[in-house]
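I opened my notebook to look up a few things in a structure. Here is what I wrote down, entry by entry.

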Amino acid sequence: MAFKIIVCAKQVPDTNVIKINPKTGTLIRDGVPSILNHDDNNALEEALKIKDKYDDVTVTVISMGPPQATDLLFECIAKGADEGILVSDRAVGGSDTWATSNTLEAAIKKWEKENGPADLIFAGRQAIDGDTAQVGPQIAEKLDLPQVTYVEEFHIEDNLKDITVKRQLEDGYELIGIKTPCMLTAINELNEPRFMNMVNLYGDTKSKIKIWNAKDIEVDLNKVGLEASPTNVFRSFTPAPKAPGQVVAGDTENEQAKNLLVQLKGKHII
């Protein structure tokens, strides 16, 4: 019996100039180059490492977004994923984290109805366009799965049941044992994502991608989309750039330290 892994991934804007819709407070994505979210890339890589090591492992990537988000799925399949599923429907547009997790929960349940229960679900810690780190844990709660977030090291036993993870904390880490099925969210330190494989890139990729709408996943329309999102954006803005750093002159370390003290005293810092 196959060991089935689902990776939740998101396409995010790849730009330093973020455009905001002044009426809705949401990002304007039209015309903005997009990429696979960084942490989701790490989640995909860890799933693919399991597939590389063990026979009969499948990796499915599920995403929610506009039609152009199929580019993300092409990339994931080119890296080694078996299939990609995009939930794309105006009804789910503008969703906050709660509404997004409702959509992805419904998509995962539809996939499991067709393929059997997933053994492991990976997601990135957070998306760079929101930085909330909420969607993964919300999905786990709605699917009634045990979860570990902020995973920086991962090991699964040969029985594909027992997992040990190192969970990053602000002042250290935790070593946690968990059994499949479960949900894990990955951080950048977990691994180094691979590049796309040219053979996969130019293979029959289109047949491996499915596009579902809200009706297909049978999601409650009262729980998705902008109107159903309980989060209200008070203000969105692009932070001002940081001031350039200063180089402390000096031919020796002692001279540099002396000049630094002079500068700090001149600014009344010490």
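My entries cover a pocket, a helix with the segment after it, and a loop residue.

**Entry 1: the model.** I reminded myself that this is a predicted model.

**Entry 2: a pocket.** I looked up the second largest pocket and found a volume of about 230 Å³. I counted 13 residues in its lining, and A106, K109, I217, E218 and V219 are the ones nearest its centre. Which helix gives the most to this lining? I found that helix 3 does, with seven residues. Helix 3 covers 97-115, and helix 6 covers 214-217; each of them supplies at least two lining residues.

**Entry 3: helix 7.** I checked the length of helix 7, which has 14 residues. At 1.5 Å a residue it should span 20 Å, and its end C-alpha atoms are 20 Å apart, so the two values agree. After helix 7 comes H268, and I noted its positive phi, near 60 degrees.

Entry 4: I then looked at I270, in the segment after helix 7 (253-266). Is I270 buried or exposed? Its relative accessible area is 54%, and exposed means over 50%, so I wrote down "exposed".

**Entry 5: a loop residue.** I found K223 in the loop between helix 6 and helix 7. Last, I compared K223 with T149: they are 74 residues apart in sequence, and their C-alpha atoms are 25 Å apart in space.

Definitions and conventions
Residues are numbered from 1 along each chain as its sequence is written. This is a predicted model: local features need pLDDT of at least 70, side-chain atom pairs count only at pLDDT 80 or more; totals for chains, interfaces and linings use all residues. Side-chain values use heavy atoms; hydrogens and water are left out. Helices (H or I, at least four residues) and strands (E, at least two) are DSSP runs, numbered from the N terminus. Buried means under 20% relative accessible area, exposed over 50%, partly exposed in between (1.4 Å probe, protein chains only). The expected span of a helix is 1.5 Å times one less than its number of residues. On a 1 Å grid over the protein atoms alone, a cavity is a set of points where a 1.4 Å probe fits but cannot get out, and a pocket is an open set with protein on both sides within 12 Å along at least five of seven lines; lining residues have an atom within 4 Å of a point. Grid points are joined across faces, edges and corners, and a volume is the space filled by probe spheres set on the points.
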